[in-house]
Structure formats: C-alpha cells, structure tokens
Amino acid sequence: MPSREDILAFIARERAASGEAAPQKIGKREIARAFGIRGDDKIFLKKILKQLEIEGEIERSRKGLHEKGALPQIVLADIVSRDRDGDLIATPAEWAEDLGPLPRIIVFAPKKPRPGLPAAGIGDRALLRVSPLRETGGPGYSGRVVKILSRAAKRVLGIFRDDPRGGGGRIVPVDKKLRDKEFLVAEADRGDARDGDLVSVDTLARGRLGLPVAKVRERLGSMNSEKAISLIAINVHGIPDLFRTETIEASEQAKPTRVEAEGFRREDWRSLPLVTIDPPDAKDHDDAVFAAPDDAADNPNGFIVTVAIADVSWYVRPGGALDREALDRGNSVYFPDRVVPMLPERISNDLCSLRQGEDRPALACRMRIGKDGHKIGHSFHRVMMRSAAKLSYSQAQDAIDGRPDETTRPLLDEVLRPLWRAHESTKIAREKRSPLDLDLPERKILLKPDGTVDRVLTPPRLDAHKLIEEFMILANVAAAETLEAEKSHLIYRAHDEPSVEKLNALSEFLATIGFKLAKGQVMKPMQFNAILAKVRGTEHENVVNEIVLRTQAQAEYVAENYGHFGLHLRRYAHFTSPIRRYADLIVHRALVRALELGPGGLPEMSREHLAEIAARISAAERRAMAAERETTDRLIAVFLADKIGASFEGRVAGVTPSGLFVKLSETGADGYVPASTLGDDYFRFDEAHMAMIGARTGESFQLGDAVTVRLVEAAPFAGALRFQMLSQGKPRVGRASALKSKPSRARPGKASAKASRRRTRA
C-alpha cells in the first residue's frame, strides 16, 4: 500500500504533468491503477483517502481529487510584483482564507507573443493559464497570459471638495479600499468640477508634502443625480458601458431577417400562440412559451412544451464587431436605475426582442413531458415566430386566479391553462429530483423620478415565476443533452458540491441548535432540504437558510462538465438568455452547427479555447454581481443617511471576532456593530455557535437572532452603515463554550466594512 505521502505526491505529480493540456480527473480508480492496488486492498485505499480529506490535505469534488487549495487551469489573477530575476508575480484575484496561504504564480513571457496581446505589467488583472511547478521553495505555479482584463488603475473615482482656503480642492475616493486616502487637486487641474461632483481623476506624482496629487479627467455629474450611484460601480469595477463605434455601426447595419434568407429556410411557427411572461418593466424579451396536450398514444395525459428563444446567433456572428464586444462584456449588468447591456439596443431591444405581434427569428426547443413531469424527448428547431401576447408575471397569475383582463381573457383556455397544467406535472418530477430549495427572498429597490430610493419591497414569489423557471431549466438540460449526443464542445453551467471544511462547519453549527449531521458524510441537495424542512417555522429558520447558502460552492461556466449540484442535474447549460449572457450565445451556435440549422454556427474551436472563454465570462459574472450588490448598498445607505438615530428591527446576519453584522428587516440593508460597543460585558467570539458571548454574563448574540439596532453612522459613498445594539443578549448558551471561545479583536472606535455575500446563481 502507498503511504499518505506517496498519494499526495502522485496527485501533485499528475497535475504538474498535465501542463498545457486539460487536466485529467484523478480519483480512487486512477490511484489504484498507478500503485497496482487490487481486491480488498481498495477498501484500505478508500479509508486513507477519506482520512486525508477529513484532515484537509486533499479536496474531493466531481472534478476529482486534488490538493487543498489547488488552482484551476484558468485563473483570474492580479499581477502584483516582480521577482529578483525580473519575472512578473501574480496572485489569484479571489481566494478564501480557509484554503491556506495565497498561491503565487510566476508569469512567463511567451516566446512568440500573440498578435494583439499587449505585454502585461504590475497592477494588471488578467486571465492566466497555469500549471503547478515541480520544484519547491519558489512560486507554486507558472502561468501565461491569456487575456488582460484591466490595466493598472491610474484613474480614481471620487467626490470633488473645494478647498475652503481657495484654489483647487481634494478628491475623496468612493472605492472602499481608498476611503482613508485623499488626493490634492491644483486649481489648474480641477477642470469644470464643482463641490460635491462625482469626478474621474488621473493620479499624478506625489507633492512636496508627500500627499498624492490628481488631475480631474472627467466630470461625471452631481452626486445627487440619478446616475451617480451606478456610475460609481461601473467605474470602480471597470464595466464597459459605452459601445465601441464599430459595434454601433454593425448593429445599425443589421436588418430584420425573413423566413428564407442566406439560402436557409426557417420553419414557420408564426401561427403558434407563444407568449412572453416577464417582469412588467422588462425591455427585452428573449423567451416565449407554449404548452398543449400530447396526442401521441405513448404519452397519455402528457404535454408538449415549447420554449422559443431569440435567435441572437443569426445577428451576432463569430469574430464580428458585435461578437468581440459581447465577449468583453460577458453579460448584461442590471442596476436599479439602468441596464448596461451586453448587446446594443438595436439588437437586444429590437431585432432580437420577441415583441408582441412582430415576426422574430428564434431557436425553439419542443419537449415531450410525461404526466409525471419527466422529459421523455425533445427536438430543436430554427423558426420564425410571432408572439401572441406580452404578459407580466402578475398579469398571467391574476388570469389563472380568476382575474383575467382584456389581454389574458382570450388566451386563458388555449394558452394559459395548458401552461399551468403542464407545470403541475413538472412539479412532480422536480420534487422527486429534489434540487436545493433555499428560502431567501430577493428585495427590489423602487426609485423616485429623481433617482433616489422610494422604498424597498420583497415581490411575491408567484407560480408564474416558478413555471417560467422550470421550463427554462428543462430547455437548458435539453440543450446540454443534445450537444453531448452530437459530441459537440460546449460551455456548461456547473455547480460543485460543498467542500468537506464547509460541511464540517455546518455540522458543528447544527449541533449547537440540536440537529445532528455526521461529519464527513456525502451530502445531496435532498439532505439539505430535509434540514431546511425541520427548521421551517422555527426561530432557527432564517439562520439555517443563511448557513446552508454559505456552505454552497459558487456556480461557474466550464468546458469540462462536472454537473450542477444545486439543481441536482448531471448536465446543464445556459441556453435561454442569449441577449444578456454570452454563454447562451455559445450554446446556440453549437446547436446551429451540430444540427446543421443554417449560418451562424460555432466555428472550429478546441476545448481549451472554450475553457478560456468560460473563465472570462465567469469573471465577468462575478464582476457584475459585485457591482450590482455595491450599488444596492450605496443606494440604501443614501436612503438611510437622513435617519441617523432611528431604530430598526433586524437579524444578526454575520458574526466575526471583531463584531456583528445586522440585516434590517424592512430594507435588507446590512450594517456593522463593533464588538467593543456590545454593552458593559467583554464579548468573545464563539466560532462553533456563531455567536458573541459575554465573558462575565454568558449572554450571547447569535447568527440569526432578531435584534433592534439604532443607526449611528451612514457612509453613502462606501455603502456602509454602523449600528448600536439596543437589544439585550440571549441568556447564557453554556459556560463551557464561553470559556473556550476566542477573544474578540475589536478595537474601540474602529468600524469594519459591511460583509459581502456570494449568491449561487443557477
């Protein structure tokens, strides 16, 4: 039998040997074959691997076994320095502390530089293709630049403040990382900036007193304007919001297509009463649905469900100006006051929007659904369709609930009721599949005409929402299955299972509230759902939902499939939103090519090239999520800025050694309560209970506790709030845990930035 060290060395060696090639999956079978392990000895090998996993030496996922904290083949990284030999050193842009020390990557310049790929420099953010280095003592990985995503930031976004002594002024940065740093601006460098304006500046050399100096590059408008808040996020995250001239020209040159064009004839589905069901304020409509009973003898009481998706691949051809910019953007970004689209409006809101009563090209998936909700067959078609109606979710739901209006009344029997009956059958299959079922309501910010916050509400979750969601999931699965059957490359939407460390942390927390979860066991979504069902309606419901969410991995785009844990699906691809997601456009092109459905198909492309594209659009998605979240934080901070001293109800949403994070019930805003302000006691951090516990009294504030807080400070530009705790702590949770808890590292008067959460998006 190999030793533990032999196994770890083998895993590391195999990863290093893969080099530029796609890494091979390493599992128990591969290890047994390498060391000649047969028969009953495989049981002992399984025990060794399990122990290594529990101890955190290796990690297991559907990608196989790998060393803890091993980097994937494509990494989003920041180039931070040079070594003694002058080679660039990079580190991953995202890294969890529990994975160990931050890996270092030595970036080698290519022997034959790629045409059009500029040289990387310190401060750049780039996609790197990495491989482990065999030697030890230096950086753990080598890498080469695939794509430079952003250059070293010499521009800073901030608020211009006049110098009261006259002449020039100063810049207060809006970036949280720079909020303690101000820049001086000379009178000659202020341009037309006025006090309180949001400006973009170029940083210059330091002044005589050592203070940083800047020059106003662009006045972006008053901070009181409706555009200012989202402009901050757009600039801080480097989101491209102005289309290039050649992109606009290409979109303006695009013309409506016909049933027959470029030597290809579409199927004519214009008589099929497909309908779009979207939010009431939606400007683009990229999916339409229809359902009818299946008359085939082999599917009694079954349905035919049709999902038609805007045929963006007809207008956005590979390698063209529209395609190049869509790949750079990766996805549309949605703010409360605006949308930064992936494609120009001529394409997204006109030619590819499935408008009511207008002919539009579409790629349609026709699915046969059994009475038990399982998909028993499907086919894809390139069609010309004509939407019968544009409906909102609430409008469609009202019609089903007995309140039809002039638009929905004629559609009720032929269109809407068959859709709902088909959905009833798919709910049976969904419940049997048992995807992860978290109850985490989304909040929506409504703005006044001047762009300020009017109110924050939680829209109801209707059956109409669930119907569209389930039909889209079925179509996404059908797309992945078809492309696999055709042996076509594609980009998958994948979601890994939770790590052992996170499952162990969940087990420890559940034990504190009386639930047992054996450490080291393999978890499926069904088991998470059982936990959530047990706490539903109890005082622990909110906290357990939050903890289960934090236990999950983050979904991503990949070229090598490893399944979707949250949806409990073996294969899954994004097909249904090509107007706003580049991944869906790739899948459309792959289907067009594989099924020979005319022009606009995916060109010859290696899996490695697709892996690079997948990494780029995954990074763009994370960028969009961060920008959207920060904009919401800033808008709510502005909304609450004139409510200093007011009291609010909320729940403890985070516990750290330095203090608590509280989420307000009404607005969903998050704020910080420093540990040093929690009453007269000395509070310590108890990691097992996720609580702050008084050293003398044993009173505690635990994750999920309902509390009342007072707002004492609001920093609108940073999107940060600070609260004072008004509630008393709960009675002692146990003297033993209080004694074993870790001391708080809080310092009087020092607040922390609001904790951020990563949501797993299907």
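Trainee: In the hairpin of β3 and β4, which residue takes a positive phi?

Mentor: Gly86 does, with phi near 90°, in a hairpin that has five residues between its strands. This is a predicted model, in which local features need pLDDT of at least 70 and side-chain atom pairs count only at pLDDT 80 or more, whereas totals for chains, interfaces and linings use all residues. Residues are numbered from 1 along each chain as its sequence is written, and side-chain values use heavy atoms, leaving out hydrogens and water.

Trainee: Which strands pair with β3, and in what sense?

Mentor: Strands are DSSP runs of E, at least two residues long, and helices are runs of H or I, at least four, all numbered from the N terminus; two strands pair if DSSP finds at least two bridges between them. Here β3 (residues 74–82) runs antiparallel to β6 (residues 125–132), joined by five bridges, with Ile74 opposite Arg129. With β4 (residues 88–92), β3 pairs in the antiparallel sense, also over five bridges, and Arg82 has Leu88 as its bridge partner.

Trainee: How are two packed helices such as α7 and α15 read?

Mentor: Two packed helices are described by the angle and the distance between their axes. The axes of α7 (residues 321–329) and α15 (residues 582–594) come within 9 Å and cross at roughly 135°, so the two helices are oblique to each other (under 35 degrees is roughly parallel, over 145 roughly antiparallel, 65 to 115 roughly perpendicular, the rest oblique). Their contact (heavy atoms within 4.5 Å) is made by Asp323, Ala326 and Leu327 of α7 with Tyr582, Leu585 and Arg589 of α15.

Notes:
Axes fitted to C-alpha atoms, helices over the stretch in contact; angles between N-to-C directions.
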